[in-house]
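This briefing describes how the parts of one protein model are arranged. Please look at the sequence and the structure before reading on.

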Amino acid sequence: VEVPNENRVTVSLRELIESKEFCSAKAENVPFVVGKDVIGNVLVMELAKLTHILIAGCSGSGKSVFVRSILVSMMQKCSPKDMRLIICDPKGVDFVAFKGVPHLLIDEIIVDRPKIIKILDWAVKEMGRRYSKLQEAGCANIAEYNKIMKDREEMPRIVLFIDEFADLVSADKLNILPKVQILAQKARAAGIHVILAMQRPSVEIISGDIKVNFSTRISLKMQTAVDSRTILDETGAENLLNHGDMLFFTPNDSHLIRAQGPNVSGEEIFKVVQFLKTNNKCVFDEKIKAYLDKTSSSDTVLTGEADDDDKDFELKKKALEFVIRTQSTSVCALQRELRVGFNRASVLKDWMIKNGYVGNSLENNKSEVKITMEDYDKMFGEQK
Ligand SMILES: Nc1ncnc2c1ncn2[C@@H]1O[C@H](COP(=O)(O)OP(=O)(O)O)[C@@H](O)[C@H]1O
Ligand SMILES: [Mg+2]
């Protein structure tokens, strides 16, 4: 791994966006700028050619600034017809400047955890809907589909960005991790791309099978060599400088590449956003917004009061373990096994269906069990 270069260069977003490398990239591939490599080459990535992206770095390393530059460059290149954005920012400060930009799918930077969970639910459903459309049209992926549907019913690529992902998972593993796992495995062909940013990727959060599907991994400065290894499978990130100095690899790279990310100020973003707002029609999806604002009855029953959280968690866990072990999904059996009433058992079953753990066919009250013991172990780790 390269030795840190103490003579840091500052890279401006503007010069990267105006580079020939970025200008020649095609909007349909959703390109974005990364930064400059150690000899000054401009680095551009194309989301359509990557899988999902994992970004890590200690506090102050420049993750939020880096993601802002990724999103701004995408928005400058792609129209809202090519690309729509969902931004989840639990801190609620770093992405406010994006509010109102026509690329957003809903006119909101999502801050609250329950809403982030709901947008994940929505994304899983949207993935299913898109798969049906691809199937009907006989297409293997969104690129083929959009070629056939040119100027008729094209689907925009969706970029789902979640900041502070590790904190979110620590707070509610069960309702977040499995959904991200499903998206990571299957969403790319449907044109849904996930970008996760976090400070410390502990092995419990970034388990092996999540990592497999996040095959583009970018590390800004890390606290320790162990942290570096967790994200990059190599040490080195602990020696980086702060402020946008990074190491990364994509599926196309055989080794780690060092880069300096661009700086982008809030003011610069504000200007771009104002420009995009006045030059594009904003068509936000009110249906999704309504879905996020609605609290579903089954969710309230299951998450309810804070005191009930642990009990619900235990029940969900037991219910899953039971259906995997017995391959039986009947509400009666769940009632007997868990010693709960019919309502509670039904809600549990709905929850399993909603999350894709069991199928939805109600024939003979038998649904297909889709979750395996292996999935279960991954979900609950050593908590078991
Ligand atoms: N590429 C960069 N070039 C110059 N300064 C940067 C760069 N990235 C970050 N910084 C500086 O570092 C600070 C922290 O960055 P931030 O993205 O908020 O870190 P993180 O999200 O990792 O905690 C920023 O306020 C900015 O001053
Ligand atoms: Mg940040």
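**How the helices and the sheet pack**

Helix 3 and helix 10 cross in a left-handed manner; a crossing is left-handed if the near helix is turned anticlockwise from the far one by less than a right angle, and right-handed if clockwise. This is a predicted model, in which local features need pLDDT of at least 70 and side-chain atom pairs count only at pLDDT 80 or more, while totals for chains, interfaces and linings use all residues. Residues are numbered from 1 along each chain as its sequence is written, chains are lettered from A and ligands numbered from 1 in the order in which they are written, and side-chain values use heavy atoms, with hydrogens and water left out.

**Helix 3 and helix 10**

- Helix 3 covers residues 63-77 and helix 10 covers residues 266-279; they pack at an angle of about 25 degrees, with their axes 11 Å apart. (Axes are lines fitted to C-alpha atoms, for helices over the stretch in contact, and angles run from 0 to 180 degrees between N-to-C directions.)
- That angle makes helix 3 roughly parallel to helix 10. (Angles under 35 degrees count as roughly parallel, over 145 as roughly antiparallel, 65 to 115 as roughly perpendicular and the rest as oblique.)
- R68, V72, M75 and Q76 of helix 3 meet G266, I269, V272 and L276 of helix 10. (Contact means heavy atoms within 4.5 Å.)
- The contact of helix 3 with helix 10 has five nonpolar, two polar and one charged residues. (Ala, Val, Leu, Ile, Met, Phe, Trp, Tyr, Cys and Pro count as nonpolar, Asp, Glu, Lys and Arg as charged, and the others, Gly among them, as polar.)

**Helix 4 and its partners**

- Helix 4 (residues 113-137) packs with helix 7 (residues 173-186) at an angle of about 30 degrees, the axes being 10 Å apart.
- Helix 4 is therefore roughly parallel to helix 7.
- The crossing of helix 4 and helix 7 is left-handed.
- Residues in this contact include I117, L120 and V124 of helix 4 and I176, V180 and L183 of helix 7.
- By class, the contact of helix 4 with helix 7 has ten nonpolar, one polar and four charged residues.
- Helix 4 also packs with helix 11 (residues 286-293), at an angle of about 135 degrees and with the axes 9 Å apart.
- Helix 4 is therefore oblique to helix 11.
- The crossing of helix 4 and helix 11 is right-handed.
- Among the residues in this contact are K115, W122 and K125 of helix 4 and Y291 and D293 of helix 11.
- The contact of helix 4 with helix 11 has five nonpolar, no polar and five charged residues.

- Nine strands form an open sheet in the order 2-1-9-8-7-3-6-5-4, with mixed pairing. (Two strands pair if DSSP finds at least two bridges between them.)
- Strand 2 (42-46) and strand 4 (83-88) are at the edges with a single partner strand each, so one side of each has no neighbour in the sheet.
- From one strand to the next, the twist averages 30 degrees.
- Strand 3 (residues 53-56) pairs with strand 7 (residues 216-219) in the parallel sense over four bridges.
- I53 stands opposite T216 in strand 7.
- Helix 9 (residues 225-232) packs on the sheet and touches strand 3, strand 7 and strand 8 (245-249).
- The direction of helix 9 makes about 160 degrees with that of strand 7.

**The whole protein**

- The protein has 16 helices and nine strands. (Helices, H or I of at least four residues, and strands, E of at least two, are DSSP runs numbered from the N terminus.)
- The C-alpha trace spans about 65 × 50 × 35 Å along its principal axes.
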